[in-house]
Amino acid sequence: GASEYQDVVAAAKYLQSLPEVDANKIGLWGGSYGGYLTAMGLARNPEIFKAGVDVHGVHDWSFDSQDATNSCGLKKSDADLAYKSSPVSDLSKWTAPVLFVHGDDDRNVIFQQTTDLVEKLREKNVPVELLVLPDEVHGFLRYESWTRIFNGAKEFFDKRLK
């Protein structure tokens, strides 16, 4: 049920208590499961998280395809809980800008997980940026890809949180 997400919220609340941290400029970023947690923060706690970089995250655990959800053995009886534990289950509060990064040859988290969420957020007029890495897999094999990701994330956060 996404209980581990509470650790992310607790960490952010701790950061908000520090005098050297601007509590109104806390961003999230992560890859794969960290991308999932990033999307959870932006969807569920917009009062805390003001921007995010989601690198090949899972956005819908109930997604009906050959992606990470089915390879984990998801049963139809668990689909409702899987959906409720996903960022896409409630996008009503998501307002923060987000940069999505995904390789279009990802075999762990299918590319459509990202394109589906991008489409939903654009329909809500959420500021969305998308960095697609052609022919890249989940682990990003090329140095150039990592350089683009890190530089893109830095530029995104500089623009959105400074």
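**The sheet and its surroundings**

Tutor: Strand S2 (residues 49-55) and strand S3 (residues 98-103) pair in the parallel sense, over four bridges. Two strands count as paired if DSSP finds at least two bridges between them. Helices (H or I, at least four residues) and strands (E, at least two) are DSSP runs, numbered from the N terminus. The model is predicted, so local features need pLDDT of at least 70 and side-chain atom pairs count only at pLDDT 80 or more, while totals for chains, interfaces and linings use all residues. Residues are numbered from 1 along each chain as its sequence is written, and side-chain values use heavy atoms, with hydrogens and water left out.

Within this pairing, Gly52 stands opposite Val98 in S3. Gly52 is also the bridge partner in S2 of Leu28, and six bridges join S1 to S2 in parallel. The whole sheet is open and has four strands in the order S1-S2-S3-S4, with parallel pairing. Its edges are strand S1 (26-31) and strand S4 (128-133), each of which pairs on one side only. From one strand to the next, the twist averages 10°.

Gly30, found in S1, counts as buried because its relative accessibility is 9%. Setting aside neighbours within four places in sequence, Gly30 is in contact with Gly35, Thr38, Val53, Asp54 and Val55; contact means heavy atoms within 4.5 Å.

At 1.5 Å a residue, the twelve residues of H2 should span 16 Å, and its end C-alpha atoms are 16 Å apart, which agrees; the expected span is 1.5 Å times one less than the number of residues.

The next topic is the nonpolar core, a set of buried Ala, Val, Leu, Ile, Met, Phe, Trp, Tyr and Cys residues joined through side-chain atoms within 4.5 Å. The largest has 30 residues, and those with the most contacts inside it are Phe49, Trp94, Phe100 and Leu121. The elements giving two or more residues to this core are helix H1 (5-17), S1, helix H2 (33-44), S3 and helix H5 (111-123). H2 gives the most, with six residues. Beyond its neighbours within four places in sequence, Phe49 is in contact with Tyr5, Val8, Val9, Ala12, Ile26, Leu28, Gly41, Leu42 and Ala96. Apart from this core lies another, of 13 residues, among them Val55, Phe140, Ala153 and Phe157. In soluble globular proteins, nonpolar side chains tend to be buried together.

Helix H6 (residues 143-161) lies across S1, S2, S3 and S4, and runs at about 170° to S2. Axes are lines fitted to C-alpha atoms, for helices over the stretch in contact, and angles run from 0 to 180 degrees between N-to-C directions.

The whole structure holds eight of them. One joins the side chains of Arg160 and Glu129 (3.7 Å, N to O). This pair links distant parts of the chain, since Arg160 is in helix H6 and Glu129 is in strand S4, 31 residues apart. Arg160 is partly exposed, with a relative accessible area of 33%, and Glu129 is partly exposed at 24% relative accessibility. Glu129, Lys159 and Arg160 are linked in a network of salt bridges. Within H6, the side chains of Asp158 and Lys154 meet in a salt bridge (2.5 Å, N to O); Asp158 and Lys154 are four residues apart, about one turn of the helix. An α-helix has 3.6 residues a turn, so residues three or four places apart point the same way.

Technical notes: Buried < 20%, exposed > 50% of the residue type's maximum accessible area, 1.4 Å probe, protein only. Salt bridge = Lys/Arg side-chain N within 4 Å of Asp/Glu carboxyl O.
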